[in-house]
Amino acid sequence: MSAPTTTAEAAPMTHRQTLEALSGLLLVLFVAMLSSTVVSTALPKIIGALDGSQTQYTWVVTATLLTATATTPIWGKLADLFNKKTLVQVAIVVFLAGSVVAGFSQTAGQLIAARAFQGIGVGGLQALVQVAIAAMIPPRERGRYNGYLGGVMAVATVGGPLLGGLIVDTSWLGWRWCFFVGVPVALVALVLLQFTLRLPTVRRDNVKIDYLGATLIAAGVSVLLIWISFVDDSFAWLSWQTAAMVGGAVLLLALATWVESRAAEPVVPLGIVRERTTALAILGSLAVGMAMFGGAVFLGQYFQIGRGYSPTEAGLLTIPMMAGVLGSSIIAGRMITRTGRIKPYIVVGAILLVAGFALLGTIDHETSLVLVGVAMFVVGTGVGMTMQNLVLAVQNTVSLRDIGAASSTVAFFRSLGGTIGVSVLGAVLARRVSDRITHDLAAAGIPVSGSSGGSLNLDVLPAPVRDIVRAAYGDATGHIFLISAAIAVVGVVAALLLRPVTLRTSLDLPDAARSAAVAADAVDGAPALDQVAVDAGRGSRPPARRA
């Protein structure tokens, strides 16, 4: 493959130019996040209106996460090969089309399919925004701008549930506007990027995208998630269906690894994944993804079904979590820019995630809202200190030409963690709720039917049954947060094992310095990456140490 050629040199940008370009990118990020958060409090009403089940409730979220996960590395690889600005705009158009189709859905199945298509655009946006920012701002300065990212995340995550709640509570709008509302915002972002975002175009001859590897990864993960959704309900844990689906998923993922190891342009570059910093960031991102998406999805359901609040009230009750995300991301971002150190903030954030979910694991349908709010604030603080900074830690280790693959790889595994987390936690919640409802109905002398508690439309249930269903959801939610806390412990271990480094101040990392950084990650006792980064910023070419 021939060497890459650029149409323009990456000239340093002033602070004002950076902010102008960021305005469009942050609006894009806002749109992508809004697509998930605006339905978080509205989803019980939406699934109730479409007469859907708890499994379909989970898959409305999982479908978007799954396609976003599968396509994120492809978008990232394309960003290393083609114009990043054009790719961002293409992703916006795909997202717009999916949003419109989702808004016109007539059944829960149609909504799941539309959300899956929408996820393709979301996968592009969540990868390409990070890539574009990394192409403009050096890692050391990126900490400060991560505060802006955190602010947008907080606004989208706070405003989304509130907006979704208001929409479904407003009779002349209806739930369909939860999907239509993002269309004008995305159109504004599309126009704004056309005038503000200017990035160099990188082209390579004989470009090859590893579609086979991406297909195998998506197929393997999909089979595994389908098994999780139906095991212990449609078939037993020890059954031929379990053996076939789990064995098939393992085989598909093994084939994907084999294909990726031999592909000229792998969607998940194994060379980057094997680096210590990237591998640990992936582990941490898996834990953060499971925790973040699980919390956002099931807290809204807890407040509405488990506690009986309206969608608007449920959105207001999630504000403590978003306040934690906003405050911690801004403060940690500025401290990282000032000191150049990133590991302490990731470690503290990972520990707070575990503590916050452990507190949420104690809740039931009668828990004080003050305790729930404190626990959510702690979780939000942990998310704000870890999510973006794990990506930043990886971006600091690679050269500019590999920034797309590296950033999208971390985003890929974070989405994968979220996909698995939502699916697993949703399956556990559905089983516990079903068992609890069946037990309590029998104890109350109410005849148990196959559909008892199967629908999320509580308005059609008799008052005694409705009270039993609410208590079942409220009590079962605490159990899945205990599982989230156990998963988040993996993030703490990964954070503690990260090398203490100082973020580089240069936009790019020379190939020689990158080789030295890789060698340092692979050899015990090798020089820390902070010294390599300092040398790279000075333009020197340190030799790689040998074992």
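This is a predicted model: local features need pLDDT of at least 70, side-chain atom pairs count only at pLDDT 80 or more; totals for chains, interfaces and linings use all residues.
Good morning, colleagues. I shall begin with the aromatic rings. A search of the whole structure finds five aromatic pairs. One of them joins Trp177 and Phe180, in an edge-to-face arrangement. A pair of aromatic rings is described by the distance of the centres and the angle of the planes. For Trp177 and Phe180, the centres are 5.4 Å apart and the planes stand at 85° to each other. The pair counts as edge-to-face because an angle over 60 degrees falls in that class.

Where do Trp177 and Phe180 lie? Both belong to helix H7, residues 177–180, and they are three residues apart, about one turn of the helix. Trp177 is partly exposed, at 41% relative accessible area, whereas Phe180 is buried, at 15%.

I turn next to the surface. Four residues, Leu359, Val370, Leu371 and Val374, make up a nonpolar patch there. Together they have about 310 Å² of accessible area. Which helix gives the most to this patch? It is helix H16, residues 369–395, with three residues. Leu359, for its part, is placed in helix H15, residues 343–360. With a relative accessible area of 31%, Leu359 is partly exposed; it can therefore be counted in a patch, for which over 30% is required.

Between H15 and H16 there is a loop, and Thr367 is found in it. Is Thr367 buried or exposed? Its relative accessibility is 9%, so Thr367 counts as buried. The Thr367 side chain reaches the backbone nitrogen of Asp364 at 2.7 Å. Leaving aside residues up to four places away in sequence, Thr367 touches Tyr302, Arg307, Thr362 and Val372.

Which backbone atoms does its side chain approach? A polar atom of the Ser328 side chain lies 2.7 Å from the backbone oxygen of Gly324. The side chain of Ser328 also reaches the backbone oxygen of Val325, at 3.4 Å. Beyond residues up to four places away in sequence, Ser328 touches Gly333, Gly380, Thr381, Gly384 and Met385.

To close, Thr367 has a side-chain contact to a backbone nitrogen, while the side chain of Ser328 reaches backbone oxygens, those of Gly324 and Val325. Thank you for your attention.

Definitions and conventions
Residues are numbered from 1 along each chain as its sequence is written. Side-chain values use heavy atoms; hydrogens and water are left out. Rings of Phe, Tyr and Trp (its six-membered ring) pair if their centres lie within 6.5 Å; planes under 30 degrees apart count as stacked, over 60 as edge-to-face and the rest as tilted. Helices (H or I, at least four residues) and strands (E, at least two) are DSSP runs, numbered from the N terminus. Buried means under 20% relative accessible area, exposed over 50%, partly exposed in between (1.4 Å probe, protein chains only). Patches are made of residues with over 30% relative accessible area and no salt bridge: like charges are joined within 9 Å, nonpolar side chains (Val, Leu, Ile, Met, Phe, Trp, Tyr) within 5 Å. Accessible areas come from the Shrake-Rupley method with a 1.4 Å probe; for residues, only the protein chains shown count as cover. A salt bridge is a side-chain nitrogen of Lys or Arg within 4 Å of a carboxyl oxygen of Asp or Glu. A polar contact is a pair of N or O atoms within 3.5 Å; within protein, one must be able to donate a hydrogen and the other to accept it, and residues adjacent in sequence count only if both atoms are side-chain atoms. Contact means heavy atoms within 4.5 Å.
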